[in-house]
Amino acid sequence: MSELLIKNAYVIDPINDIKGEIMDIAIKDRMIADSVSDSAEVIDAKGCLTLPGGVDSHTHICGTKVNFGRYMSPEDMRAGRGRAQPHMYPVSGYSVPTVYANTYRYSALGYTTVLEGAMAPLEARHTHEEFFCTSLQDTMANTLFDGNWSVMEAVSDKDLKRVAAVVGWTLAAVKGFAVKVTNPGGTEMWGWGKDVGCIHQKIDHFGITPAEIIEYLIRANELLNLPHSVHLHCNNLGKPGNYKCTLETMQRTPNLNDKRQTLYMTHVQFHSYGGTKWGDFCSKADDIAWMLNRKPQIAIDMGQVMFGKTTTMTADGPMEFNLYRLYNNKWSNHDVELETGSGIIPVFYSRKNLVNSVMWSIGLELALMTKNPWQCMLATDNPNGAPFVKYPEIIALLMSSRYRDEEFAKIHPDTGKRVHLPSLDREMDFYEIAVMTRAAQAKALGITDIGKGHLGEGAYGDVAIYPIKNNDIDPSRDYSKIIEGFSLTDYTIKSGRVISRHGNCLLNGNNRTIWVKPKISEEYNMSNDPEFVKKFERYYSVSMENYPVEEEYMNKRNICIETETGL
Amino acid sequence: MIKKNVICSFCGCLCDDLSITIEDGKITGVDNGCALANAKFLGKERLLKPVIREGDSIKETEYNTAIEKAADILKDAERPLFFGWSGTQGEAQAKGVHLCMLLGGVIDNTSSLCHGPSILAIQEVGHPGCTLGQVKNRADLIIYWGCNPLEGHPRHMSRYTTYADGFFLKNAFRERKLIVVDVRKTMSSDVADEFIQIEPGGDYAVLSALRAIVRGEEKIIPESVSGVSKSQLKRVADMCKEARFGALFFGLGLTMSKNKYKNIRNAVELTDELSRHTKFTISAMRGHWNVYGANEVFTWMTGYPYAIDFARGIPFYNPGETTAAEILYRKECDALMVVSSDPAAHMPKKCVEHMADIPVIQIDPHKNCTSFFTDVQIPVAITGIEASGTAYRMDGVPLRTKKIIDADFLTDTEVISRIYERILEAKADV
Ligand code: SF4
Ligand SMILES: [Zn+2]
């Protein structure tokens with residue numbers, strides 16, 4: 001039995017209502033314990049900021065389109081090369097790094113749990129193969145249902161239970177974690193080179209609307225009793241004036257769950273745009289935050305944009321084509337039969353560009369105008385808004401209005417007329433940052449019960465110790481020290497073992513995949529459903545037998561969350 | 001006994017609907033497969049035991065001895081080259097990358113001899129593609145350019161394109177148009193609605209002409225382009241624009257002919273252009289059943305799809321310099337490990353000559369031309385028949401091939417893992 005004692009830690013653990021106390025943390029056999037014996041290994045935290053391991057509730061690090069981003073971008077690989085170290089493999093890549101680069105860099109930032117934002121069910125094995133190599137974080141996969149034919153047919157029949165049965169069968173088959181909807185209906189329309197422009201536009205052939213898909217999936221999600229809510233990438237991403245569509249989607253969201261939000265809306269920065277075209281493009285973060293502040297049933301992540309080079313990649317195929325027509329850089333697309341789509345293009349966000357400057361402001365505004373930090377996660381939709389290695393800079397921007405003002409002075413001079421940022425003087429504290437980078441994310445994902453995102457007894461021993469001393473630092477003035485401190489932990493501990501010390505990753509392995517298996521009665525088991533079986537026999541290019549992801553793709557310690565359902 | 005939904009590990013189509021009859025632990029029948037699949041599943045010829053070269057003779061030996069010998073060769077090498085990988089399971093490919101990282105060698109897969117130029121084009125302009133089922137259900141226009149699917153990928157047309165059922169097509173076979181582009185008539189061109197016969201080396205010009213017409217610049221096109229009449233080009237451009245969903249598939253005839261990667265770049269840009277008018281996709285006809293898997297595995301582990309040099313501790317990629325044929329040609333490597341492929345049959349003479357001069361390790365169930373040069377050959381279980389393992393179809397869909405009969409052979413992954421462990425132990429000893 002391994003034992004570890006972290007002494008003298010300045011702990012913030014929002015889920016257990018600890019808001020900054022010097023205390024010891026005992027870890028016994030992977031889990032947080034009440035106490036340990038005298039023979040336990042001791043780490044002296046020396047009063048440094050100690051938080052539960054970071055949780056990223058929306059990132060793109062593993063799977064078909066991420067790997068295609070690497071494949072098509074040798075220039076990005078060259079931008080992030082690293083040598084092998086005693087316990088580390090050599091790495092490549094800056095915005096779409098190799099699996100090892102991702103896992104090492106996340107652990108250097110103190111992250112121990114990450115959710116891959118988009119997995120096409122048909123290509124799930126690929127995601128799981130890469131999860132296997134993501135050895136220093138526990139992983140989960142959002143599973144795409146935005147253009148799923150069986151779901152859309154059931155919605156068209158107004159058959160909620162059937163929607164739930166299809167979702168439940170698929171999640172268990174592909175070992176997914178949550179229901180992801182990317183531009184609902186739009187990815188199906190993209191199969192004809194089209195898109196949907198509004199949540200009430202009918203989808204060709206299926207005759208239903210994005211609004212209906214969202215509504216049914218939200219209810220099916222609750223019927224299946226899933227840990228996470230529906231995870232939505234709204235329609236119309238990146239289009240001027242899209243805030244109206246976003247607002248209406250929010251307005252329509254019911255409140256169905258008292259433990260967590262009913263709808264998680266991702267990278268909302270990209271969905272908070274006013275104006276009618278790029279010429280009068282402006283921020284509508286105020287309206288979105290206003291709505292969010294009245295809707296406790298919704299949680300969002302920022303989708304912050306940071307200046308520099310990155311790669312955009314999403315299941316939203318039509319959106320990527322629009323971007324391609326804007327930038328005329330290289331473009332990849334990959335539609336997935338009967339399910340979804342995807343696209344990739346490299347981008348450069350320039351502070352000299354007015355649109356990019358407005359985008360940068362909107363993300364920050366959303367975070368600063370959302371009153372309750374539990375409703376707004378810190379994320380960049382890695383790597384779409386920026387690679388995750390930029391998180392420390394975002395933390396500093398949220399903690400220091402001086403830093404924001406200094407940065408604002410460097411961006412496009414006309415930005416001020418189109419945004420609200422200069423008028424916001426809120427400065428977040430360490431507690432709020434801890435909420436936005438782990439506690440709220442774990443709560444939103446519904447994984448606090450299995451011991452993630454907090455340091456209560458029985459939780460996983462996931463801890464991040466940052467070289468930041470609360471009393472010695474004024475984040476408002478010393479923002480560069482905040483950036484430095486959050487960029488590199490003294491220790492990142494996962495399941496009671498040190499995985500990274502000053503960025504030197506100390507061991508391999510220990511990662512788990514978390515997935516769900518809704519308990520569904522024989523009556524609703526889609527394996528017996530003739531229409532569903534016919535989809536495989538006639539329209540999928542893979543047979544039903546060869547579709548589910550085999551046990552072999554799960555690491556030994558995988559966590560299967562079985563749920564009691566209404567089916 | 002009959003096993004259903006068996007995945008064929010022969011070509012990049014990875015058909016997953018084969019029925020295999022097994023009697024007394026032996027395969028006696030194959031249903032649904034093409035002739036290539038039948039030959040693979042019913043093949044008897046194979047190497048039964050590991051062999052080692054001693055002087056001029058070849059001796060049978062046990063796994064342990066062969067593995068030890070292989071580890072010794074690699075351990076002593078200053079610049080080992082690891083080549084092949086398109087005919088093995090993904091798990092073995094990953095182990096191979098780790099082995100190469102450990103030794104600071106060069107690792108390359110057979111893409112460098114086939115679709116390497118296509119990958120270079122994609123790295124310049126991207127790749128608008130889709131899964132094969134998307135084509136099957138929607139496409140009303142299919143183009144095969146520089147390939148002869150009926151011979152190279154015999155079931156591509158029946159499972160995924162011309163002859164396949166499609167959700168959005170009532171009578172798929174009649175509603176779908178087929179265009180074949182090639183320098184000569186083939187079995188595939190015989191069944192085409194439109195056959196475009198190009199003079200050898202003329203692909204680039206024809207693609208450019210089509211792009212110009214699609215952009216509305218047909219007045220600049222001469223009466224004939226590389227042997228193709230302007231009227232046919234106009235007709236074809238119209239067919240593309242009028243299609244609801246067009247899918248272009250290209251083969252080595254486009255990739256390996258004059259202008260190489262520029263041809264593919266031009267074809268991708270034609271697809272981009274057509275995407276402004278209708279739905280259009282483009283895909284490579286990948287040959288070996290898991291060559292795309294080799295690209296995928298190498299990419300997530302190293303950042304690059306092929307030709308990676310670890311000599312300086314970092315992954316370094318420069319096709320033309322770090323590709324296997326060039327390294328052999330320059331007589332740079334001092335040991336070669338070949339996994340599931342036959343470089344001696346496909347590389348220039350000078351490369352093969354260097355193979356004769358250096359120690360060669362071969363991991364392959366079968367003897368082939370490369371076996372003439374090997375110092376150790378280790379036979380392995382055949383993935384998809386005697387062992388299961390991951391493979392990536394030509395469109396990126398990952399599948400798990402099955403073990404359908406028992407055999408007393410180690411898998412590729414096991415053999416490479418054992419070599420890896422030996423070398424690790426030896427390194428720890430010094
Ligand atoms: S087309 Fe290819 S994968 Fe399909 S049966 Fe023939 S050889 Fe096998
Ligand atoms: Zn995303």
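Start with one salt bridge, where a side-chain nitrogen of Lys or Arg lies within 4 Å of a carboxyl oxygen of Asp or Glu. K279(B) forms one with D335(A), and their closest N and O atoms are 2.7 Å apart. The rule finds four salt bridges across the interface of chain B and chain A.

A word on the source. This is a predicted model, in which local features need pLDDT of at least 70, side-chain atom pairs count only at pLDDT 80 or more, and totals for chains, interfaces and linings use all residues. Residues are numbered from 1 along each chain as its sequence is written, chains are lettered from A in the order in which they are written, and side-chain values use heavy atoms, with hydrogens and water left out.

Now the whole interface. How many residues of chain B are in contact with chain A? 64 residues of chain B touch 58 residues of chain A, contact meaning heavy atoms within 4.5 Å.

Next, area. The two chains bury about 5,400 Å² between them, 54% of it on carbon and sulfur atoms. That is the accessible area (1.4 Å probe) that two parts lose on being put together, summed over both. In chain B, F167(B), W300(B) and R400(B) lose the most area to chain A, together 13% of what that side buries.

Last, the strands. Strand β16 (residues 332-335) of chain A runs parallel to strand β8 (residues 128-130) of chain B, and three bridges join them. Strands here are DSSP runs (E, at least two residues), and two of them pair if DSSP finds at least two bridges between them. Look at H334(A): opposite, in β8(B), stands G129(B).

Definitions and conventions. Helix = DSSP H or I, 4+ residues; strand = E, 2+ residues; numbered from the N terminus.
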